[in-house]
Amino acid sequence: MNSKAAQLKKLINSQRLEFLMEAHNGISAKIVEESGFQGIWGSGLSISASQGVRDCNEISWTQILQTAEFMSDATSIPILIDADTGFGNFNNVRRLVKKLEQIDIAGMCIEDKLFPKTNSFIDGEQQTLADPYEFAGKIKAAKDTQNDPDFCVVARVESFIAGWGLSEALRRAEIYLEAGADAILIHSKKNTAEQVVDFKSEWGNRCPLIIVPTMYHSTPTSIFREHQFSIAIWANQIMRSAITAMQATAAHIYEQEAIAETEQQVVPVSEIFRLQNTRELKNAENLYLPHSNKKTAETRPSDSETPLTKNQ
Ligand code: SPV
Ligand code: MG
C-alpha cells in the first residue's frame with residue numbers, strides 16, 4: 001500500500017475527477033472511508049462546528065492537529081487537512097508541516113487570507129486577501145520543510161470570494177504555482193459554476209484544479225468532469241447530516257420523554273462498538289492478558305500468603 005501522501009498525490013494528479021468527503025473527527029472519518037471515498041477533507045468549518053465554535057480560528061492549531069490525529073489513526077485513506085491561512089506566517093507553516101507529517105496527514109490546503117480567517121461564505125467581499133508574495137513564501141516554506149516528497153500543498157485562491165475578478169485570481173494562482181503548490185483550489189460562493197469554469201478555461205492544464213461546490217451544489221458532476229477538474233470536495237455534508245439527525249432525535253426524545261420509537265431509527269449500540277473496532281481489543285485480550293487472571297483474582301490467598309496490600 002502506498003503511503004497516504006502518495007495516495008493523495010495520485011488522486012490530485014489522476015486524469016479523472018476524484019472526490020474528497022469532509023470529516024471532522026475519528027468516527028466521521030471512518031464512516032467516510034467505509035462509504036468508499038478514497039480521500040478525506042479535514043474541514044475547518046466542520047471541525048470547528050463539531051466543537052461548537054466559529055470557523056475563524058477560535059479553535060487553535062494544536063486542537064486541529066489533535067483532531068486530525070484521531071482522524072488519521074482511524075483511517076487508511078489520505079487526509080487533506082484544511083489549514084486555513086497556515087495559522088501564522090511562513091515560520092508557523094514550517095512547524096505545522098512538520099507536525100502534520102508526524103501524524104501521517106497526506107497534505108494541507110492553505111488559503112490566501114489573513115489570520116484570523118473567516119469562513120468564505122460569511123461577508124466574503126469584506127475579507128482581506130494576503131499579499132500574494134507573502135503567501136507564496138508560506139507555500140515555498142512548506143515545500144522546503146516537508147520530509148516526504150509526496151506530501152501535498154494545495155494553495156487556495158480566495159479572489160472570487162473577496163470580490164475580485166478572473167485576472168486577479170489567475171495572477172495569484174500563477175504566483176502560487178511558481179512557489180511550488182501541487183494544486184490550486186479555486187473557491188467560489190456563486191450558486192453556479194460560472195466562475196470556476198471560467199477560471200479553468202483560462203488556466204488550462206497548468207496544474208490540477210480543486211473545487212468546493214458547496215454553493216453551486218446543483219451543478220451536475222458531469223460538468224466538473226467535462227472541464228477536467230481534478231478534485232471536487234464535498235466539504236460539509238457529513239456534518240450537516242449529523243446536525244439534521246441530532247436535532248430530530250433530540251427533539252423527538254424530548255417530546256416523547258421516552259426512547260422506544262427512536263430505537264428503530266438509530267443504529268444499535270453494537271454499531272458503535274463495530275466502528276470503534278471493539279473486536280480487535282477482544283482478540284488482543286486473548287493474546288496478551290494472562291488466561292489464569294480471572295481465577296487468580298478470585299482465589300483467596302492461602303493463610304501462608306499475605307496479600308500485598310497488607311504489607312503496604
Ligand atoms: C471548510 O470546509 O472549512 C472550507 C470550505 O474551508 S468552505 O467552508 O467552503 O470555505
Ligand atoms: Mg475552511
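Tutor: A polar contact is a pair of N or O atoms within 3.5 Å; within protein, one atom must be able to donate a hydrogen and the other to accept it, and residues adjacent in sequence count only if both atoms are side-chain atoms. Here the side chains of Ser46 and Glu22 are joined by such a contact, at 3.2 Å.

Student: What kind of model is this, and how are residues numbered?

Tutor: This is a predicted model, in which local features need pLDDT of at least 70 and side-chain atom pairs count only at pLDDT 80 or more, while totals for chains, interfaces and linings use all residues. Residues are numbered from 1 along each chain as its sequence is written, chains are lettered from A and ligands numbered from 1 in the order in which they are written, and side-chain values use heavy atoms, with hydrogens and water left out.

Student: How many helices and strands are there in the protein?

Tutor: Helices (H or I, at least four residues) and strands (E, at least two) are DSSP runs, numbered from the N terminus. The protein has 15 helices and eight strands. Its C-alpha atoms fill a box of roughly 90 × 50 × 35 Å along the principal axes.

Student: Where is Ser46, and is Ser46 buried or exposed?

Tutor: Buried means under 20% relative accessible area, exposed over 50%, and partly exposed in between (1.4 Å probe, protein chains only). Ser46 belongs to helix α3, residues 44-50. With a relative accessible area of 1%, Ser46 is buried. Of the 312 residues in the protein, 44% are buried.

Student: How far apart are Ser46 and Ala260 in sequence and in space?

Tutor: The two are separated by 214 residues in sequence, and by 31 Å from C-alpha to C-alpha.

Student: Which residues surround ligand 1?

Tutor: A residue is near a molecule if one of its heavy atoms lies within 4 Å of it. Around ligand 1 are Trp41, Ser43, Gly44, Leu45, Asp82, Asn119, Ser120, Phe121, Arg156, His187, Val212 and Ala235.

Student: What are the distances from the polar side-chain atoms of Asp82 and Asn119 to oxygen atoms of ligand 1?

Tutor: For Asp82 the distance is 2.8 Å, and for Asn119 it is 3.0 Å. Arg156 also has a side-chain N or O atom 2.7 Å from an oxygen atom of ligand 1. On its own, ligand 1 has 280 Å² of accessible area (Shrake-Rupley method, 1.4 Å probe), and the protein covers 100% of that area.

Student: Where is Gln228, and is Gln228 buried or exposed?

Tutor: Gln228 sits in the loop between α9 (221-226) and β8 (231-234). At 52% relative accessibility, Gln228 counts as exposed. Gln228, also not a glycine, has a positive phi of about 60°.

Student: What kind of peptide bond joins Phe115 and Pro116?

Tutor: That bond is cis, with omega about -5°. Pro116 is in the loop between β4 (107-111) and α6 (132-145).
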